[in-house]
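User: I would like to learn how to read helix and strand features in a model. Please start once the structure is shown.

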Amino acid sequence: MSHQDNHCLGAITARIVLAVAFSLPCLCTVSLAQSGQDPSTVNIGSSDPEPAPQRDLSGTWTPVGGTRVGIQAGGVQAMPNDGSPEHLLPYTEYGLQVYESHRALEGVDAVLPAEHNDPRNRCEPLGFPRMNHYNIRMTQIFQNPQKIAVLYQYDNRWRNIWIDGREVPEMVDGGVLAGGTYKASKWYGYSVGEWTDDFTLVVKTVGMMPEDRVWLDSTGRPISDAATVEEVFRRVDRNHMEWTETIDDPKLYTEPWVAMKIMFELADPHTDIIEMYCSPVEMEYYYEAFGNSASGVENGNE
Amino acid sequence: MPVAVSAHHSAFAFDTENTLTIDGTVTEWFWANPHCLLKFDVVLDSDDVVHWVAETQAPANMIDAGWRKNDLKPGDGITITVQPARNGNPVGRIVRVEFDDGRTLDVSQDRTGETGNRYHLSGAPTD
């Protein structure tokens, strides 16, 4: 099977996954008029008619369909980098230039192993929103009245989403103004959430790292410090939450586009999550023992 | 200045059309990210020994498939099928491993990125 065939299979698989994920909340709709909610905003899966708790995302979440759904090695889940016309991104001229400077190990433009320049392989922080697109597996969410903490499985990374009513910071050169105070750009940015109803949290994140430090996905798609990332966390019932992400990055893309729409389900709260660290020592040994030889490079020398 | 490189995930370095099946003896089971590595020695008819390395998947995936960190030990005899490197070096990606104790490690070859490899453990792992 050729590499191109593999990508075609990936596209087919992705469509199946998307079809499953999108169909889940449409199994049936139950009116929640008694709770004062617009019935059109809350769909209840027939397998679990119990409504979600109000304004509460806490729990240990895992992608419906299993681990494979969240790996996203072939590109962001909703727009895999498989060369199909419907998955081409609306690059600006500069955005295409940045993309072409990235030599990724995955995707339709993948390079030979010895040619890559993915910061992931140096165990650099993936940053946000790439954390949403690199092995998003068991994800723990804790919250209190002030903030929500999202704990990712990969590399034990975490980020905060403020829900205390503050404004989304204003982007300025090299960072943000938060409440009038300058704060420098961060790997995971500044996230502020607002409940639009009792089951839907809309989160905007700004102030991430510039495009020379982070990638958007493992196929080399770029993201910049001019981006505003909007996430929608929507509890569709007690056991399910839809997590959607839209990229608005005028420096790199001519229009906003949806990068992810994955249905998550609650896992057993007693689940002990497996570590999945990027260890520089282990990565170095991996290169020495395997990667260099597979690339025709011995001990770092051609 | 030497630059370390990686074959992590990319399939271009490997011959995905053909496989190679060989007998060997485990020398190391490297249980780590990004992928576990199985190192083994193969004795040629000339009695020369070739040191092979083959990759599997991340520990998190291996645990989901029923594997444990110390399941494989130096000295274990194996028959292994790999997708070999195109450059002829003794490295490859594991397709299947048969162990002397009856266990097998099967890999569904699906490296499309969306699904990743799926590893299946059969037989009874030893405690």
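Analyst: A residue is called buried under 20% relative accessible area, exposed over 50% and partly exposed in between, using a 1.4 Å probe and protein chains only. Helices (H or I, at least four residues) and strands (E, at least two) are DSSP runs, numbered from the N terminus. This is a predicted model, where local features need pLDDT of at least 70, side-chain atom pairs count only at pLDDT 80 or more, and totals for chains, interfaces and linings use all residues. Residues are numbered from 1 along each chain as its sequence is written, and side-chain values use heavy atoms, with hydrogens and water left out.

User: Which residues of α4(A) are buried?

Analyst: Among them are A:Met283, A:Tyr286, A:Tyr287 and A:Phe290. With contact meaning heavy atoms within 4.5 Å, the buried residues of α4(A) pack against β1 (20-30), β2 (37-43), β3 (49-55) and β5 (91-99) of chain B.

User: Where is the kink in helix α4 of chain A centred?

Analyst: The bend at a residue is the angle between axes fitted to the seven residues ending there and the seven starting there. In α4 (residues 280-294) of chain A, a kink of about 50 degrees is centred on A:Tyr287.

User: How many bridges join β2 to β3 in chain A?

Analyst: Two strands pair if DSSP finds at least two bridges between them. Strands β2 (residues 139-143) and β3 (residues 147-151) of chain A run antiparallel, joined by four bridges. In this pair, A:Phe142 stands opposite A:Ala149.

Terms used
Chains are lettered from A and ligands numbered from 1 in the order in which they are written.
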